[in-house]
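Have a look at the structure first.

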Amino acid sequence: MNGTHQPGPQREVTTVWNRCLAVIRDIVPEQSFNTWFEPIVPLRLNGTILTIQVPSEFFYEWLEENFVHALRRALDTAIGREGQLEYSIIVDKGNEQNRPLTVNVPTTKSPQTAKPDNVNPDILKSPFQLKDLDSLTLDSYLNPTYTFDNYVEGDCNRLARSAGYAVAERPGVTSFNPLMIYGGVGLGKTHLVQAIGNYIKNNSQNKFVLYVTSEKFTNQFLNAVRTDGIRDFTSFYMQVDVLVIDDVQFLQKKEKTQEIFFHIFNHLHQSGKQIIMTSDRAPRALDGLEDRLLSRFKWGLSADLQTPDLETRIAIIQKKLQAEGIYIEDAVIEYLAHSVNTNVRELEGVIVSLMAQASLNRRDIDLELAKSTLRNIVEDSEREVTIDSVQEAVADYFNVTVADLKAKSRKRELVHPRQVAMYLAKEKTDLSLKSIGYHFGGRDHSTVIHAVQTISDLVAKPSETRNAVEKLKALFK
């Protein structure tokens, strides 16, 4: 039987292990069997020593701690009383270039010294039944309003959305595991990952999906340390089918939390479970995280979310208004889309404020209301300068009207103030050249480039223009 070079040794070890599994299946609950025995790979049979491969050291310890009686009975049936078990633990999964790194550990407990398998039935229950983990187990913690249907697709998020949808349809099966979605504040990271979770939850009822923020995960871990509940905490997370963890940058410099997350990550990944994460920056820019964790973050796909372009912003506004059952003229929608270009969250906030203003004042949403609402929001939160405030200040300084700045006239007394206003708009707002041109009578972005260059040349040396620009800039500090 000791013939690793004999034909069909793998077939022999698989047969023996299948006999073991048949015995174990009758002893342990189905959920525990799926979590702790299905991921095991039978490696070799050397005489009466059966070697099995497990995903982590924690996994091996858990089997030894909780299932040694079931394993002993299985070995007795499949090999005989002299049957022994050896574990091969994957330390690093490796890749095409490097072989997986494993260590072999002989079994350390005998059935006589081990505690019985049924000492704590709670550890064998499914996540739905556990009650003592901060009530997290009773809920996936997903917001049902976050769906793919109300997630507006554009050039800014196409890759991330497409990858997310592929994962939602086949969790744990695609090469996008883990899936990392990263980007700045308010760009829709949480919406997208929860949309994936909701899709899986609604279409794969047998899979347990869990959404948790890194901060929540850390607090639960610290609570588990205080209450001596680390094993229950880890066991619970290892039973999750789809783990959605938000804001992983929060794990920076938290060594112990990173260590436990590393073990959970390894177990889930090697068990074919899906891991989805968000971060406010790319994995390569995440300082304060262990290299071994960062390298695992890069195993799957990292997709970024960018600031939505004008067309996407218009589509977002239209989607939001449609959901609220409100009609606004296209000119107002375009004005809002041109004026708010920071992120989706701020754009939606402006729409909500606009609807509130219209309701309170019992009036329709028109361009005038949009402008005054936007101005109030900016003043209230001391945000960046608006295009309107730039135009008003410049018009006042040069003794012309805002309408003059937007007019088609090419008179020098209007062209110069217009160019100064375009220059300041480029300096003081985050608007694109295209949007700035829109606010100056629908001019082309090349006109804005020419204006900015002209004024830049004039302020580079002492001149009336430099004095005017410095005085105007002082108004916006």
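Start with helix 19, where V448, A451, V452, I455 and V459 are buried. Looking down the axis of helix 19, you'd find its buried residues within an arc of 95°, so they line one face of the helix. What covers them? Helix 17 (412–428), helix 18 (433–439) and helix 20 (464–475) are among the elements that do. Helix 19 runs over residues 445–459, and at 1.5 Å a residue its 15 residues should span 21 Å, which agrees with the 21 Å between its end C-alpha atoms.

Keep in mind that this is a predicted model. Zooming out, the protein chain has 20 helices and 9 strands, and 48% of its 477 residues count as buried.

Now for the charges. Side chains of opposite charge can pair when their charged atoms come close. The structure holds 11 salt bridges, and here are three of them:

| Salt bridge | Closest N to O |
|---|---|
| R72 and D76 | 2.8 Å |
| E153 and R161 | 3.8 Å |

R72 and D76 both sit in helix 4 (residues 68–78), 4 residues apart, or about one turn of the helix. R72 counts as buried at 18% relative accessibility, while D76 is partly exposed at 25%.

The D241 and K273 pair joins two loops: D241 lies between helix 8 and strand 7, and K273 between helix 9 and strand 8, so the pair ties together parts 32 residues apart in sequence. Salt bridges with shared partners also link E153, D155, R158 and R161 into one network.

Terms used. Residues numbered from 1 in each chain as written. Predicted model: local features only at pLDDT ≥ 70, side-chain atom pairs only at ≥ 80, totals over all residues. Heavy atoms only, no water. Buried < 20%, exposed > 50% of the residue type's maximum accessible area, 1.4 Å probe, protein only. Expected span 1.5 Å × (residues − 1). Arc of directions from axis to C-beta. Contact = heavy atoms within 4.5 Å. Salt bridge = Lys/Arg side-chain N within 4 Å of Asp/Glu carboxyl O.
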